[in-house]
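Here is a guided walk through a protein model, written to be read with the structure open beside the text.

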Amino acid sequence: MEIRRVTSFDAVSAAGRLFDEPPREVATRRFLAEDGNHLLVAYVDGQAAGFVTGVETTHPDKGTEMFVYELGVEDEFQRRGIATALVEALLLLARERGCFGAFTATEPDNAAALATYAKVKAEAEPTVSLSWTF
């Protein structure tokens, strides 16, 4: 397995099957243009097998931390440690970029995600997630 930071629309498009929907060109280019946005893709024998996205968030009195935005691994590649390796790679990148920590959220019944985050020593915090849809 090889993990690469993806920085071009063509590379994202080539790994498009990993995402919930086909990557939108304008959104992809905007995401990749931001210095604090990160997309890592895991390849197995040259085939895109999984990805993780991270977004650096900065607050005046806290500094910068990494938001683990989305994590996904193709069904055929699951249970091989790819998700764990992707999260570890993103956390390493966060440390290298001076982030003081990282955070994420997932559904309480997402056993695969919870197991992955436990493997990389994430600590569960009692929070409530709220959202707005426009």
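First, some ground rules. The model is predicted, so local features need pLDDT of at least 70 and side-chain atom pairs count only at pLDDT 80 or more, while totals for chains, interfaces and linings use all residues. Residues are numbered from 1 along each chain as its sequence is written, and side-chain values use heavy atoms, with hydrogens and water left out.

Let us begin with the strands. Helices (H or I, at least four residues) and strands (E, at least two) are DSSP runs, numbered from the N terminus, and two strands pair if DSSP finds at least two bridges between them. Strand β1, residues 2–5, runs antiparallel to β2 and is joined to it by four bridges. In that pairing, R4 has V41 of β2 as its bridge partner. Strand β2 (residues 37–44) is also joined to β3 (residues 47–59), again antiparallel, through eight bridges. Here V44 is partnered with Q47 in β3. The hairpin of β2 and β3 has two residues between the strands, and D45 takes a positive phi near 50° there.

Strand β4 covers residues 63–73 and is antiparallel to β3, with 10 bridges between them.

How many residues of β2 are buried? Taking buried as under 20% relative accessible area, exposed as over 50% and partly exposed as in between (1.4 Å probe, protein chains only), eight of the eight residues of β2 are buried, so this strand is largely enclosed by the rest of the structure. Both of its faces are covered: one side carries N37, L39, V41 and Y43, the other H38, L40, A42 and V44, and all are buried.

That brings us to the cores. A nonpolar core is a set of buried Ala, Val, Leu, Ile, Met, Phe, Trp, Tyr and Cys residues joined through side-chain atoms within 4.5 Å. The largest one has 21 residues, and those with the most contacts inside it are V52, V73, F77, I82, L86 and L90. Two or more residues each come from β2, β3, β4, α3 and α4, and α3 gives the largest share, eight residues. Leaving aside residues up to four places away in sequence, V52 touches H38, L39, L40, V68, E70, L71, L86 and L90, where contact means heavy atoms within 4.5 Å. A second, separate core has nine residues, among them V6, Y43, A48 and F51.

Now for the charged pairs. Side chains of opposite charge can pair when their charged atoms come close. Counting a salt bridge as a side-chain nitrogen of Lys or Arg within 4 Å of a carboxyl oxygen of Asp or Glu, a search of the whole structure finds six. One of these joins E2 and R4, at 3.3 Å from N to O. Both partners are partly exposed, E2 at 41% relative accessibility and R4 at 36%.

Another salt bridge links R29 and E25, at 2.9 Å from N to O. These two residues are four apart in helix α2 (residues 25–33), so about one helical turn separates them. R29 is partly exposed at 44%, and E25 is partly exposed at 40%.

What about E56 and R97? Their side chains meet in a salt bridge of 2.2 Å, N to O. This pair links distant parts of the chain, 41 residues apart, with E56 in strand β3 and R97 in the loop between α3 (82–96) and β5 (102–103). Salt bridges that share partners join D35, E56 and R97 into one network. Within it, E56 counts as buried at 19% relative accessibility, whereas R97 is partly exposed at 30%.

Finally, two backbone details. R79 is not a glycine, yet its phi is positive, about 65°. R79 sits in the loop between β4 and α3 and is exposed, with a relative accessible area of 88%. K121, also a residue other than glycine, has a positive phi near 70°. K121 lies in the segment after α4 (111–119) and is exposed at 70%.
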